[in-house]
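Here are my notes for a colleague opening this entry for the first time. Please read them with the structure on screen.

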Amino acid sequence: MTTFTITTTQHKQCIDITDRVRKIVRGMPVTNGLCHVMVLHATAAIIVNENDDPNIGVDLLRALDRAIPDHANWLHDQVDNNAQAHIKAAALGPSEIIPVRDGDLLLGTWQGIMLVELDGPRTERRVVVSVLPIP
């Protein structure tokens, strides 16, 4: 298990973390297995999506804003004013599982692993990568 941190620079953004995760997986003594990637925060998410066009991340964030608007009389906003970030993170999920084949991530041609920041900027978002062998 390996943990790394990401600094986010915007209130909402998608950050491609595929290369960092791939480097960790390649450094593990696992030929075939599963890679579990999890963000340890309640207002961020991990997704697998297209990584060739950065507009996909912008479109995703716009769609989330339309579906779950900021400050829409959410009860949690009375506590710390970020209810929409919690709801969006719960909808997307904190983790993904990616197959490992021949010691590398098994992703489609246009797939990448993204951290989705929903309540930034944050100086430290922690991501945990676990690689489990499958015989």
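1. Terms first. Two strands count as paired if DSSP finds at least two bridges between them. Helices (H or I, at least four residues) and strands (E, at least two) are DSSP runs, numbered from the N terminus. With that in hand: S2 and strand S7 (residues 111-117) pair in the antiparallel sense, over 4 bridges. In this pairing Cys-14 faces Val-116 of S7.

2. Basis. This is a predicted model, in which local features need pLDDT of at least 70, side-chain atom pairs count only at pLDDT 80 or more, and totals for chains, interfaces and linings use all residues. Residues are numbered from 1 along each chain as its sequence is written, and side-chain values use heavy atoms, with hydrogens and water left out.

3. Overall fold. The protein holds 4 helices and 8 strands. Their order along the sequence is β-β-α-β-β-α-α-α-β-β-β-β.

4. The sheet. Five strands form an open sheet: 5 strands in the order S1-S8-S3-S5-S6, with antiparallel pairing. Strand S1 (2-6) and strand S6 (104-105) are at the edges with a single partner strand each, so one side of each has no neighbour in the sheet. Inside the sheet, strand S3 (residues 33-39) and strand S5 (residues 95-101) run antiparallel and are joined by 6 bridges. Gly-33 sits opposite Val-100 in S5.

5. Two faces of S2. Strand S2 (residues 13-16) has Gln-13 and Ile-15 on its covered face. Cys-14 and Asp-16 are on the uncovered one.

6. Burial. Of the 135 residues, 41% are buried (under 20% relative accessible area; exposed is over 50%, partly exposed in between; 1.4 Å probe, protein chains only). Where does Gln-84 sit? Its place is in helix H4 (residues 83-92). Gln-84 counts as buried because its relative accessibility is 2%. Leaving out residues up to four places away in sequence, Gln-84 touches His-11, Ile-68, Pro-69, Asp-70, His-71, Trp-74 and Asp-77. Contact here means heavy atoms within 4.5 Å.

7. Size. The C-alpha trace spans about 50 × 30 × 25 Å along its principal axes.

8. Among contacts with a separation of 6 or more, 80% join residues 24 or more positions apart.
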